[in-house]
Amino acid sequence: MDLYMMNCELLATCSALGYLEGGTYHKEPDCLESVKDLIRYLRHEDETRDVRQQLGAAQILQSDLLPILTQHRQDKPLFDAVIRLMVNLTQPALLCFGSVPKDSSVRHHFLQVLTYLQAYKEAFASEKAFGVLSETLYELLQLGWEDRQEEDNLLIERILLLVRNILHVPANLEQEKSIDDDASIHDRLLWAIHLSGMDDLLLFLSSSSAEQQWSLHVLEIISLMFRDQTPEQLAGVGQGRLAQERSTDVAELEVLRQREMAEKRARALQRGNRHSRFGGSYIVQGLKSIGEKDVVFHKGLHNLQNYSSDLGKQPRRVPKRRQAAQELSVHRRSVLNVRLFLRDFCSEFLENCYNPLMGAVKDHLLRERAQQHDETYYMWAMAFFMAFNRAATFRPGLVSETLSIRTFHFVEQNLTNYYEMMLTDRKEAASWARRMHLALKAYQELLATVNEMDMCPDEAVRESSRIIKNNIFYMMEYRELFLALFRKFDERYHPRSFLRDLVETTHLFLKMLERFCRSRGNLMVQNKRKKRKK
(Lines give C-alpha, C1' and ligand atoms only; values in the text may rest on other atoms or scores of the structure.)
Protein backbone atom coordinates (compact mmCIF):
# COMPACT_ATOMS: atom_id res chain seq x y z
CA MET A 1 0.00 0.00 0.00
CA ASP A 2 2.88 2.34 0.89
CA LEU A 3 4.54 1.74 -2.52
CA TYR A 4 1.23 2.39 -4.27
CA MET A 5 0.87 5.68 -2.36
CA MET A 6 4.42 6.56 -3.34
CA ASN A 7 3.58 5.89 -6.98
CA CYS A 8 0.50 8.11 -6.76
CA GLU A 9 2.44 10.93 -5.10
CA LEU A 10 5.21 10.69 -7.67
CA LEU A 11 2.70 10.66 -10.51
CA ALA A 12 0.92 13.74 -9.15
CA THR A 13 4.25 15.55 -8.63
CA CYS A 14 5.43 14.74 -12.16
CA SER A 15 2.09 15.89 -13.63
CA ALA A 16 2.45 19.21 -11.78
CA LEU A 17 5.73 19.98 -13.63
CA GLY A 18 4.10 20.97 -16.93
CA TYR A 19 3.57 19.59 -20.44
CA LEU A 20 5.20 19.66 -23.87
CA GLU A 21 3.06 20.87 -26.77
CA GLY A 22 4.37 21.28 -30.30
CA GLY A 23 7.99 21.62 -29.19
CA THR A 24 7.14 24.27 -26.54
CA TYR A 25 7.19 23.36 -22.87
CA HIS A 26 4.41 24.95 -20.76
CA LYS A 27 5.36 24.85 -17.08
CA GLU A 28 2.69 24.67 -14.39
CA PRO A 29 2.51 27.30 -11.58
CA ASP A 30 3.80 24.68 -9.07
CA CYS A 31 6.70 23.61 -11.28
CA LEU A 32 9.48 24.76 -8.90
CA GLU A 33 7.83 23.17 -5.84
CA SER A 34 7.34 19.92 -7.76
CA VAL A 35 11.06 19.80 -8.69
CA LYS A 36 11.96 20.35 -5.03
CA ASP A 37 9.52 17.58 -4.04
CA LEU A 38 11.23 15.17 -6.46
CA ILE A 39 14.63 16.04 -4.91
CA ARG A 40 13.12 15.30 -1.48
CA TYR A 41 11.67 11.95 -2.64
CA LEU A 42 15.10 10.93 -4.02
CA ARG A 43 16.68 11.73 -0.65
CA HIS A 44 14.37 9.23 1.09
CA GLU A 45 14.41 6.35 -1.44
CA ASP A 46 15.01 2.77 -0.26
CA GLU A 47 18.01 0.48 -0.98
CA THR A 48 16.45 -0.73 -4.29
CA ARG A 49 16.44 2.93 -5.49
CA ASP A 50 12.67 2.70 -6.18
CA VAL A 51 12.09 6.45 -6.79
CA ARG A 52 15.00 6.62 -9.25
CA GLN A 53 13.62 3.62 -11.13
CA GLN A 54 10.08 5.03 -11.30
CA LEU A 55 11.33 8.41 -12.59
CA GLY A 56 13.49 6.58 -15.14
CA ALA A 57 10.54 4.49 -16.34
CA ALA A 58 8.39 7.65 -16.65
CA GLN A 59 11.21 9.33 -18.70
CA ILE A 60 10.94 12.51 -16.61
CA LEU A 61 14.41 13.71 -17.62
CA GLN A 62 13.75 13.33 -21.36
CA SER A 63 10.16 14.67 -21.45
CA ASP A 64 10.21 17.37 -18.72
CA LEU A 65 13.60 18.27 -17.25
CA LEU A 66 15.54 18.72 -20.51
CA PRO A 67 12.82 20.95 -22.09
CA ILE A 68 12.69 23.05 -18.87
CA LEU A 69 16.51 23.33 -18.96
CA THR A 70 16.61 24.50 -22.59
CA GLN A 71 13.47 26.71 -22.66
CA HIS A 72 13.21 28.24 -19.16
CA ARG A 73 16.81 29.19 -18.48
CA GLN A 74 15.86 32.75 -17.48
CA ASP A 75 13.89 31.43 -14.45
CA LYS A 76 16.99 31.17 -12.22
CA PRO A 77 15.49 29.40 -9.11
CA LEU A 78 13.83 26.78 -11.37
CA PHE A 79 16.99 26.35 -13.49
CA ASP A 80 19.13 25.80 -10.35
CA ALA A 81 16.63 23.27 -8.93
CA VAL A 82 16.47 21.34 -12.26
CA ILE A 83 20.29 21.14 -12.41
CA ARG A 84 20.29 19.83 -8.81
CA LEU A 85 17.70 17.18 -9.68
CA MET A 86 19.57 16.17 -12.85
CA VAL A 87 22.86 15.74 -10.96
CA ASN A 88 21.05 13.45 -8.51
CA LEU A 89 19.24 11.46 -11.23
CA THR A 90 22.37 10.93 -13.36
CA GLN A 91 24.76 9.90 -10.59
CA PRO A 92 26.56 6.61 -11.41
CA ALA A 93 24.82 3.35 -10.47
CA LEU A 94 27.97 2.31 -8.58
CA LEU A 95 27.61 5.37 -6.35
CA CYS A 96 23.92 4.60 -5.70
CA PHE A 97 24.54 0.96 -4.71
CA GLY A 98 28.11 1.25 -3.34
CA SER A 99 29.34 -1.63 -5.53
CA VAL A 100 28.01 -4.15 -8.06
CA PRO A 101 25.55 -6.20 -5.93
CA LYS A 102 26.21 -9.94 -5.56
CA ASP A 103 22.57 -10.77 -4.73
CA SER A 104 20.58 -11.45 -7.93
CA SER A 105 17.45 -9.50 -6.90
CA VAL A 106 19.42 -6.36 -5.95
CA ARG A 107 21.58 -6.82 -9.05
CA HIS A 108 18.42 -6.66 -11.16
CA HIS A 109 17.67 -3.19 -9.68
CA PHE A 110 21.28 -2.14 -10.33
CA LEU A 111 21.04 -3.14 -14.03
CA GLN A 112 17.67 -1.40 -14.32
CA VAL A 113 19.13 1.88 -13.00
CA LEU A 114 22.04 1.46 -15.45
CA THR A 115 19.59 1.07 -18.36
CA TYR A 116 17.84 4.35 -17.41
CA LEU A 117 21.23 6.10 -17.18
CA GLN A 118 22.08 4.93 -20.72
CA ALA A 119 18.76 6.41 -21.93
CA TYR A 120 19.66 9.74 -20.20
CA LYS A 121 23.05 9.74 -21.94
CA GLU A 122 21.39 9.34 -25.34
CA ALA A 123 18.94 12.17 -24.54
CA PHE A 124 21.85 14.50 -23.65
CA ALA A 125 23.69 13.83 -26.93
CA SER A 126 22.35 17.05 -28.49
CA GLU A 127 23.91 20.45 -29.04
CA LYS A 128 20.89 22.24 -27.51
CA ALA A 129 21.28 20.87 -23.95
CA PHE A 130 25.07 21.37 -23.89
CA GLY A 131 24.65 24.81 -25.47
CA VAL A 132 22.59 25.98 -22.47
CA LEU A 133 25.06 24.45 -19.98
CA SER A 134 28.02 26.09 -21.80
CA GLU A 135 26.35 29.53 -21.91
CA THR A 136 25.50 29.38 -18.20
CA LEU A 137 29.00 28.23 -17.28
CA TYR A 138 30.56 30.96 -19.47
CA GLU A 139 28.47 33.69 -17.78
CA LEU A 140 29.41 32.40 -14.31
CA LEU A 141 33.13 32.28 -15.16
CA GLN A 142 32.97 35.87 -16.45
CA LEU A 143 32.25 37.03 -12.87
CA GLY A 144 35.33 37.96 -10.85
CA TRP A 145 35.90 36.13 -7.56
CA GLU A 146 34.77 39.18 -5.58
CA ASP A 147 31.44 39.32 -7.53
CA ARG A 148 30.81 35.59 -7.31
CA GLN A 149 28.27 34.47 -4.71
CA GLU A 150 28.25 31.10 -2.93
CA GLU A 151 25.32 29.91 -5.09
CA ASP A 152 27.31 30.78 -8.25
CA ASN A 153 30.15 28.48 -7.14
CA LEU A 154 27.59 25.77 -6.31
CA LEU A 155 26.06 26.06 -9.79
CA ILE A 156 29.52 25.84 -11.47
CA GLU A 157 30.25 22.68 -9.49
CA ARG A 158 26.84 21.16 -10.29
CA ILE A 159 27.23 21.81 -14.04
CA LEU A 160 30.68 20.14 -13.98
CA LEU A 161 29.24 17.21 -11.99
CA LEU A 162 26.36 16.84 -14.46
CA VAL A 163 28.79 16.70 -17.42
CA ARG A 164 30.91 14.18 -15.47
CA ASN A 165 27.89 11.98 -14.67
CA ILE A 166 26.66 11.92 -18.28
CA LEU A 167 30.12 11.05 -19.67
CA HIS A 168 30.61 8.40 -16.97
CA VAL A 169 27.67 6.23 -18.14
CA PRO A 170 29.13 3.05 -19.73
CA ALA A 171 28.16 2.11 -23.29
CA ASN A 172 25.52 -0.56 -23.83
CA LEU A 173 27.59 -2.82 -26.11
CA GLU A 174 24.69 -5.21 -26.78
CA GLN A 175 22.34 -2.45 -27.93
CA GLU A 176 24.81 -0.21 -29.77
CA LYS A 177 26.89 -2.92 -31.53
CA SER A 178 29.06 -0.04 -32.78
CA ILE A 179 32.12 -0.81 -34.89
CA ASP A 180 35.25 1.24 -35.64
CA ASP A 181 34.64 4.53 -37.52
CA ASP A 182 30.97 4.43 -36.48
CA ALA A 183 29.38 7.22 -34.41
CA SER A 184 28.51 5.75 -31.00
CA ILE A 185 26.41 7.62 -28.40
CA HIS A 186 29.65 8.60 -26.63
CA ASP A 187 30.98 10.07 -29.91
CA ARG A 188 27.75 12.04 -30.42
CA LEU A 189 28.05 13.36 -26.86
CA LEU A 190 31.66 14.47 -27.51
CA TRP A 191 30.56 16.19 -30.73
CA ALA A 192 27.78 18.03 -28.83
CA ILE A 193 30.41 19.16 -26.26
CA HIS A 194 32.56 20.47 -29.11
CA LEU A 195 29.75 22.28 -30.95
CA SER A 196 28.51 23.92 -27.74
CA GLY A 197 31.98 25.27 -26.88
CA MET A 198 32.16 23.33 -23.61
CA ASP A 199 35.62 22.04 -24.61
CA ASP A 200 37.00 25.63 -24.70
CA LEU A 201 35.60 26.26 -21.21
CA LEU A 202 37.31 23.07 -19.95
CA LEU A 203 40.61 24.29 -21.44
CA PHE A 204 40.12 27.68 -19.76
CA LEU A 205 39.39 26.05 -16.38
CA SER A 206 42.52 23.87 -16.80
CA SER A 207 44.87 26.77 -17.54
CA SER A 208 43.49 29.51 -15.25
CA SER A 209 45.30 29.97 -11.93
CA ALA A 210 42.15 31.60 -10.46
CA GLU A 211 40.01 28.48 -11.12
CA GLN A 212 42.27 25.83 -9.55
CA GLN A 213 39.52 24.67 -7.17
CA TRP A 214 37.84 22.88 -10.12
CA SER A 215 41.02 21.13 -11.30
CA LEU A 216 40.05 17.62 -10.15
CA HIS A 217 36.54 17.90 -11.65
CA VAL A 218 38.06 19.01 -14.97
CA LEU A 219 40.67 16.23 -14.98
CA GLU A 220 37.96 13.62 -14.33
CA ILE A 221 35.82 14.97 -17.22
CA ILE A 222 38.84 14.94 -19.58
CA SER A 223 39.70 11.36 -18.60
CA LEU A 224 36.11 10.28 -19.39
CA MET A 225 36.18 12.11 -22.75
CA PHE A 226 39.22 10.06 -23.85
CA ARG A 227 37.96 6.79 -22.33
CA ASP A 228 37.86 4.76 -25.59
CA GLN A 229 40.90 6.37 -27.27
CA THR A 230 44.57 5.43 -27.53
CA PRO A 231 47.10 8.32 -27.60
CA GLU A 232 49.18 6.81 -30.45
CA GLN A 233 46.11 6.49 -32.68
CA LEU A 234 44.95 10.05 -31.94
CA ALA A 235 48.40 11.52 -32.60
CA GLY A 236 48.45 9.92 -36.07
CA VAL A 237 45.02 11.22 -37.18
CA GLY A 238 45.16 13.37 -40.31
CA GLN A 239 48.83 12.62 -41.08
CA GLY A 240 48.32 10.46 -44.15
CA ARG A 241 47.10 7.67 -41.91
CA LEU A 242 43.57 7.53 -43.36
CA ALA A 243 44.64 5.67 -46.52
CA GLN A 244 46.78 3.34 -44.38
CA GLU A 245 43.80 2.61 -42.08
CA ARG A 246 41.63 1.91 -45.12
CA SER A 247 44.19 -0.48 -46.65
CA THR A 248 44.56 -2.26 -43.26
CA ASP A 249 40.76 -2.68 -43.06
CA VAL A 250 40.65 -4.04 -46.64
CA ALA A 251 43.48 -6.51 -45.86
CA GLU A 252 41.70 -7.70 -42.69
CA LEU A 253 38.43 -8.15 -44.61
CA GLU A 254 40.25 -10.13 -47.31
CA VAL A 255 41.81 -12.46 -44.70
CA LEU A 256 38.36 -13.02 -43.14
CA ARG A 257 36.84 -13.71 -46.60
CA GLN A 258 39.56 -16.24 -47.44
CA ARG A 259 39.06 -17.98 -44.09
CA GLU A 260 35.31 -18.15 -44.66
CA MET A 261 35.80 -19.61 -48.16
CA ALA A 262 38.24 -22.23 -46.80
CA GLU A 263 35.74 -23.25 -44.09
CA LYS A 264 32.99 -23.51 -46.71
CA ARG A 265 35.16 -25.78 -48.89
CA ALA A 266 36.08 -27.93 -45.88
CA ARG A 267 32.38 -28.33 -44.99
CA ALA A 268 31.60 -29.36 -48.59
CA LEU A 269 34.32 -32.03 -48.45
CA GLN A 270 32.97 -33.39 -45.18
CA ARG A 271 29.50 -33.98 -46.65
CA GLY A 272 29.61 -37.33 -48.43
CA ASN A 273 26.94 -38.54 -50.87
CA ARG A 274 25.88 -41.24 -48.46
CA HIS A 275 26.78 -41.84 -44.85
CA SER A 276 29.33 -44.56 -44.14
CA ARG A 277 30.23 -45.86 -40.73
CA PHE A 278 33.33 -47.47 -42.24
CA GLY A 279 35.49 -44.37 -42.68
CA GLY A 280 38.64 -46.42 -42.07
CA SER A 281 41.39 -46.14 -39.45
CA TYR A 282 44.76 -44.49 -40.03
CA ILE A 283 48.12 -44.44 -38.25
CA VAL A 284 49.59 -40.95 -37.74
CA GLN A 285 53.33 -41.49 -38.17
CA GLY A 286 55.62 -39.61 -35.78
CA LEU A 287 52.84 -38.82 -33.28
CA LYS A 288 53.15 -41.16 -30.29
CA SER A 289 50.13 -42.40 -28.32
CA ILE A 290 50.21 -43.30 -24.61
CA GLY A 291 52.45 -46.29 -25.31
CA GLU A 292 55.40 -46.48 -27.73
CA LYS A 293 53.23 -46.95 -30.83
CA ASP A 294 51.93 -44.29 -33.24
CA VAL A 295 48.49 -42.76 -32.75
CA VAL A 296 45.58 -44.59 -34.43
CA PHE A 297 43.10 -42.10 -35.94
CA HIS A 298 39.55 -43.46 -36.38
CA LYS A 299 37.92 -40.60 -38.30
CA GLY A 300 37.95 -39.51 -41.95
CA LEU A 301 41.13 -37.94 -43.35
CA HIS A 302 39.41 -34.57 -43.85
CA ASN A 303 39.11 -34.33 -40.02
CA LEU A 304 42.84 -34.89 -39.46
CA GLN A 305 43.73 -31.19 -39.43
CA ASN A 306 41.41 -30.70 -36.41
CA TYR A 307 43.12 -33.52 -34.46
CA SER A 308 44.16 -32.73 -30.91
CA SER A 309 45.07 -34.92 -27.92
CA ASP A 310 42.28 -33.15 -26.04
CA LEU A 311 39.52 -34.44 -28.37
CA GLY A 312 36.72 -36.06 -26.41
CA LYS A 313 38.08 -34.99 -23.06
CA GLN A 314 35.86 -33.13 -20.64
CA PRO A 315 37.38 -29.70 -19.93
CA ARG A 316 38.10 -29.07 -16.27
CA ARG A 317 35.70 -26.53 -14.78
CA VAL A 318 37.56 -23.62 -13.19
CA PRO A 319 35.88 -22.28 -10.02
CA LYS A 320 34.56 -18.74 -10.34
CA ARG A 321 37.02 -17.27 -7.84
CA ARG A 322 39.98 -18.80 -9.72
CA GLN A 323 38.99 -17.62 -13.20
CA ALA A 324 41.40 -15.33 -15.08
CA ALA A 325 40.66 -11.59 -14.98
CA GLN A 326 38.82 -10.12 -17.96
CA GLU A 327 40.07 -7.14 -19.98
CA LEU A 328 37.95 -4.14 -18.92
CA SER A 329 39.19 -1.35 -21.20
CA VAL A 330 37.60 -1.31 -24.67
CA HIS A 331 39.43 0.70 -27.32
CA ARG A 332 37.62 1.59 -30.53
CA ARG A 333 38.25 3.99 -33.37
CA SER A 334 35.78 6.86 -33.22
CA VAL A 335 34.32 8.60 -36.26
CA LEU A 336 36.93 10.79 -38.05
CA ASN A 337 35.59 14.27 -37.15
CA VAL A 338 35.50 13.31 -33.44
CA ARG A 339 39.08 12.01 -33.62
CA LEU A 340 40.24 15.24 -35.30
CA PHE A 341 38.52 17.30 -32.58
CA LEU A 342 40.10 15.17 -29.82
CA ARG A 343 43.54 15.43 -31.43
CA ASP A 344 43.30 19.24 -31.56
CA PHE A 345 42.02 19.28 -27.96
CA CYS A 346 45.04 17.18 -26.88
CA SER A 347 47.50 19.48 -28.69
CA GLU A 348 45.96 22.61 -27.15
CA PHE A 349 45.76 21.00 -23.71
CA LEU A 350 49.46 20.08 -23.82
CA GLU A 351 50.41 23.53 -25.11
CA ASN A 352 48.56 25.62 -22.51
CA CYS A 353 47.02 23.50 -19.75
CA TYR A 354 48.96 20.32 -18.90
CA ASN A 355 51.64 21.83 -16.65
CA PRO A 356 49.38 24.23 -14.65
CA LEU A 357 46.57 21.64 -14.23
CA MET A 358 48.86 18.78 -13.19
CA GLY A 359 50.61 21.11 -10.73
CA ALA A 360 47.27 22.13 -9.16
CA VAL A 361 46.05 18.49 -8.97
CA LYS A 362 49.34 17.34 -7.38
CA ASP A 363 48.99 20.16 -4.84
CA HIS A 364 45.41 19.01 -4.00
CA LEU A 365 46.62 15.40 -3.62
CA LEU A 366 49.56 16.28 -1.37
CA ARG A 367 47.43 18.54 0.83
CA GLU A 368 44.78 15.77 0.98
CA ARG A 369 42.05 18.07 -0.33
CA ALA A 370 41.04 15.42 -2.87
CA GLN A 371 38.64 12.52 -2.48
CA GLN A 372 39.83 8.95 -2.00
CA HIS A 373 41.57 7.41 -5.07
CA ASP A 374 41.57 10.71 -7.03
CA GLU A 375 45.29 10.14 -7.72
CA THR A 376 44.23 7.55 -10.33
CA TYR A 377 43.04 10.39 -12.63
CA TYR A 378 46.41 12.10 -12.15
CA MET A 379 48.25 8.93 -13.21
CA TRP A 380 45.91 8.31 -16.14
CA ALA A 381 46.50 11.88 -17.43
CA MET A 382 50.26 11.46 -17.02
CA ALA A 383 50.31 8.22 -19.03
CA PHE A 384 47.92 9.45 -21.76
CA PHE A 385 49.27 12.94 -22.46
CA MET A 386 52.95 12.00 -22.18
CA ALA A 387 52.32 9.19 -24.69
CA PHE A 388 50.50 11.64 -27.00
CA ASN A 389 53.41 14.10 -26.70
CA ARG A 390 55.89 11.36 -27.67
CA ALA A 391 53.78 10.15 -30.60
CA ALA A 392 52.93 13.63 -32.01
CA THR A 393 55.91 16.04 -31.87
CA PHE A 394 58.13 15.29 -28.89
CA ARG A 395 58.62 18.44 -26.81
CA PRO A 396 59.73 17.71 -23.22
CA GLY A 397 58.89 21.26 -22.09
CA LEU A 398 55.16 20.59 -22.55
CA VAL A 399 55.21 17.86 -19.86
CA SER A 400 57.94 19.31 -17.61
CA GLU A 401 55.59 19.38 -14.58
CA THR A 402 55.58 15.55 -14.39
CA LEU A 403 59.23 15.02 -15.45
CA SER A 404 60.97 15.00 -12.09
CA ILE A 405 62.36 12.69 -9.42
CA ARG A 406 59.41 13.65 -7.20
CA THR A 407 56.97 12.29 -9.81
CA PHE A 408 58.92 9.02 -10.10
CA HIS A 409 58.84 8.72 -6.32
CA PHE A 410 55.08 9.53 -6.17
CA VAL A 411 54.19 6.88 -8.79
CA GLU A 412 56.50 4.26 -7.26
CA GLN A 413 55.03 4.87 -3.80
CA ASN A 414 51.46 4.49 -5.08
CA LEU A 415 52.35 1.38 -7.09
CA THR A 416 53.88 -0.25 -3.99
CA ASN A 417 50.90 0.81 -1.86
CA TYR A 418 48.37 -0.65 -4.37
CA TYR A 419 50.33 -3.89 -4.57
CA GLU A 420 50.41 -4.23 -0.76
CA MET A 421 46.69 -3.38 -0.48
CA MET A 422 45.87 -5.99 -3.13
CA LEU A 423 47.52 -8.64 -0.94
CA THR A 424 45.82 -7.52 2.31
CA ASP A 425 42.36 -6.29 1.18
CA ARG A 426 41.18 -9.47 -0.56
CA LYS A 427 37.57 -8.31 -0.93
CA GLU A 428 38.60 -5.31 -3.07
CA ALA A 429 41.63 -6.98 -4.69
CA ALA A 430 40.29 -6.49 -8.26
CA SER A 431 39.93 -2.71 -7.72
CA TRP A 432 43.46 -2.44 -6.29
CA ALA A 433 44.77 -4.45 -9.27
CA ARG A 434 43.14 -1.97 -11.71
CA ARG A 435 44.75 0.96 -9.85
CA MET A 436 48.07 -0.90 -10.00
CA HIS A 437 47.74 -1.15 -13.78
CA LEU A 438 47.14 2.62 -14.06
CA ALA A 439 50.21 3.35 -11.92
CA LEU A 440 52.29 0.92 -13.99
CA LYS A 441 51.21 2.65 -17.23
CA ALA A 442 52.23 6.02 -15.73
CA TYR A 443 55.62 4.59 -14.67
CA GLN A 444 56.13 3.07 -18.14
CA GLU A 445 55.39 6.41 -19.78
CA LEU A 446 57.78 8.27 -17.45
CA LEU A 447 60.58 5.86 -18.43
CA ALA A 448 59.69 6.08 -22.15
CA THR A 449 59.80 9.89 -22.03
CA VAL A 450 63.19 9.92 -20.25
CA ASN A 451 64.43 7.41 -22.86
CA GLU A 452 63.19 9.71 -25.65
CA MET A 453 64.97 12.66 -24.01
CA ASP A 454 68.25 10.72 -24.39
CA MET A 455 67.88 10.86 -28.18
CA CYS A 456 67.10 14.59 -28.21
CA PRO A 457 69.62 16.81 -30.10
CA ASP A 458 69.33 19.50 -27.39
CA GLU A 459 72.17 19.17 -24.85
CA ALA A 460 70.11 20.66 -21.97
CA VAL A 461 67.36 18.03 -22.45
CA ARG A 462 69.95 15.22 -22.46
CA GLU A 463 71.49 16.62 -19.28
CA SER A 464 68.05 16.65 -17.55
CA SER A 465 67.55 13.04 -18.58
CA ARG A 466 71.00 12.11 -17.20
CA ILE A 467 70.16 13.70 -13.79
CA ILE A 468 66.88 11.75 -13.56
CA LYS A 469 68.63 8.48 -14.50
CA ASN A 470 71.39 9.16 -11.97
CA ASN A 471 68.72 9.14 -9.28
CA ILE A 472 66.47 6.27 -10.35
CA PHE A 473 69.22 3.77 -11.25
CA TYR A 474 71.04 4.22 -7.94
CA MET A 475 67.93 3.74 -5.80
CA MET A 476 67.26 0.12 -4.90
CA GLU A 477 63.43 0.60 -4.66
CA TYR A 478 63.15 1.39 -8.38
CA ARG A 479 65.22 -1.64 -9.41
CA GLU A 480 63.50 -4.19 -7.19
CA LEU A 481 59.96 -2.99 -7.92
CA PHE A 482 59.65 -5.04 -11.12
CA LEU A 483 60.86 -8.22 -9.46
CA ALA A 484 58.22 -7.85 -6.73
CA LEU A 485 55.47 -7.24 -9.33
CA PHE A 486 56.50 -10.33 -11.34
CA ARG A 487 56.56 -12.47 -8.21
CA LYS A 488 53.12 -11.34 -7.07
CA PHE A 489 51.43 -11.45 -10.49
CA ASP A 490 48.01 -13.07 -10.03
CA GLU A 491 45.98 -13.86 -13.15
CA ARG A 492 42.74 -13.82 -11.10
CA TYR A 493 43.06 -10.06 -10.67
CA HIS A 494 45.51 -8.95 -13.37
CA PRO A 495 44.47 -9.23 -17.03
CA ARG A 496 46.94 -10.28 -19.74
CA SER A 497 47.46 -6.61 -20.73
CA PHE A 498 48.96 -5.92 -17.26
CA LEU A 499 51.55 -8.66 -17.78
CA ARG A 500 52.37 -7.32 -21.26
CA ASP A 501 52.86 -3.78 -19.89
CA LEU A 502 54.98 -5.13 -17.02
CA VAL A 503 57.26 -7.07 -19.41
CA GLU A 504 57.61 -4.06 -21.74
CA THR A 505 58.37 -1.66 -18.84
CA THR A 506 60.96 -4.03 -17.36
CA HIS A 507 62.59 -4.47 -20.77
CA LEU A 508 62.76 -0.68 -21.25
CA PHE A 509 64.22 -0.19 -17.74
CA LEU A 510 66.93 -2.83 -18.31
CA LYS A 511 67.76 -1.46 -21.77
CA MET A 512 68.15 2.07 -20.32
CA LEU A 513 70.22 0.74 -17.39
CA GLU A 514 72.52 -1.15 -19.78
CA ARG A 515 73.09 1.97 -21.91
CA PHE A 516 73.66 4.05 -18.78
CA CYS A 517 76.30 1.61 -17.47
CA ARG A 518 78.09 1.50 -20.83
CA SER A 519 78.30 5.29 -21.00
CA ARG A 520 79.60 5.55 -17.41
CA GLY A 521 82.22 2.85 -17.36
CA ASN A 522 81.75 2.44 -13.59
CA LEU A 523 78.56 2.14 -11.54
CA MET A 524 78.20 1.99 -7.78
CA VAL A 525 75.31 -0.24 -6.76
CA GLN A 526 73.59 0.49 -3.46
CA ASN A 527 72.57 -2.57 -1.51
CA LYS A 528 71.18 -3.27 1.94
CA ARG A 529 73.71 -4.89 4.23
CA LYS A 530 72.22 -7.28 6.75
CA LYS A 531 73.42 -6.75 10.32
CA ARG A 532 74.94 -9.85 11.82
CA LYS A 533 73.45 -10.81 15.12
CA LYS A 534 75.97 -11.20 17.94
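Mentor: Helices here are DSSP runs of H or I with at least four residues, strands are E runs of at least two, and both are numbered from the N terminus. This is a predicted model, in which local features need pLDDT of at least 70 and side-chain atom pairs count only at pLDDT 80 or more, whereas totals for chains, interfaces and linings use all residues. Residues are numbered from 1 along each chain as its sequence is written, and side-chain values use heavy atoms, with hydrogens and water left out.

Start with arginine 49, which sits in the loop between helix 2 (31–43) and helix 3 (50–57). Although arginine 49 is not a glycine, its phi is positive, at about 55°. Its relative accessible area is 18%, so arginine 49 counts as buried (under 20% is buried, over 50% exposed and anything in between partly exposed, with a 1.4 Å probe and protein chains only).

Glutamine 59 belongs to the loop that runs from helix 3 to helix 4 (60–71). Like any residue picked out in this way, glutamine 59 is something other than glycine, and its positive phi lies near 55°. With a relative accessible area of 43%, however, glutamine 59 is partly exposed.

Glutamate 21 has threonine 24, in strand 2, as its bridge partner.

Five residues lie between strand 3 and strand 4, and valine 284 faces valine 295 of strand 4.

A further loop, between helix 16 (336–366) and helix 17, holds aspartate 374. The relative accessibility of aspartate 374 is 10%, so this residue is buried. Once residues up to four places away in sequence are set aside, aspartate 374 touches Leu216 and Leu365, a contact being heavy atoms within 4.5 Å. Histidine 217 is 157 residues from aspartate 374 along the chain, yet their C-alpha atoms are 9.9 Å apart.

Helix 17 (residues 375–391) spans 24 Å between its first and last C-alpha over 17 residues, close to the expected 24 Å, where the expectation is 1.5 Å times one less than the number of residues. Because 14 of its 17 residues are buried, helix 17 is largely enclosed by the rest of the structure. Helix 5 (residues 76–89) likewise reaches 20 Å over its 14 residues, close to the 20 Å expected, and eleven of these 14 residues are buried, including Phe79, Asp80, Asn88 and Leu89.

In helix 18 (residues 405–424) we find glutamate 412, whose relative accessible area of 10% makes it buried. Beyond its neighbours within four places in sequence, glutamate 412 makes contact with Glu477, Tyr478 and Leu481.

Leu89 comes up again in the lining of the largest cavity, together with Arg52, Val113, Tyr116, Leu117 and Tyr120. A cavity is a set of points on a 1 Å grid over the protein atoms alone where a 1.4 Å probe fits but cannot get out, and its lining residues have an atom within 4 Å of a point. Grid points are joined across faces, edges and corners, and the volume is the space filled by probe spheres set on the points. One cavity of 30 Å³ or more is counted by this rule, and the largest cavity holds about 30 Å³ of space. Helix 7 (residues 104–124) gives the largest share of its lining, with four residues.

For the chain as a whole, the protein has 22 helices and four strands, and 43% of its 534 residues are buried. Among contacts with a separation of 6 or more, 74% join residues 24 or more positions apart.

Definitions and conventions. Pairing = 2+ DSSP bridges. 1 Å grid on protein atoms, 1.4 Å probe; cavity = no way out; pocket = protein on both sides within 12 Å on 5 of 7 lines; lining within 4 Å.
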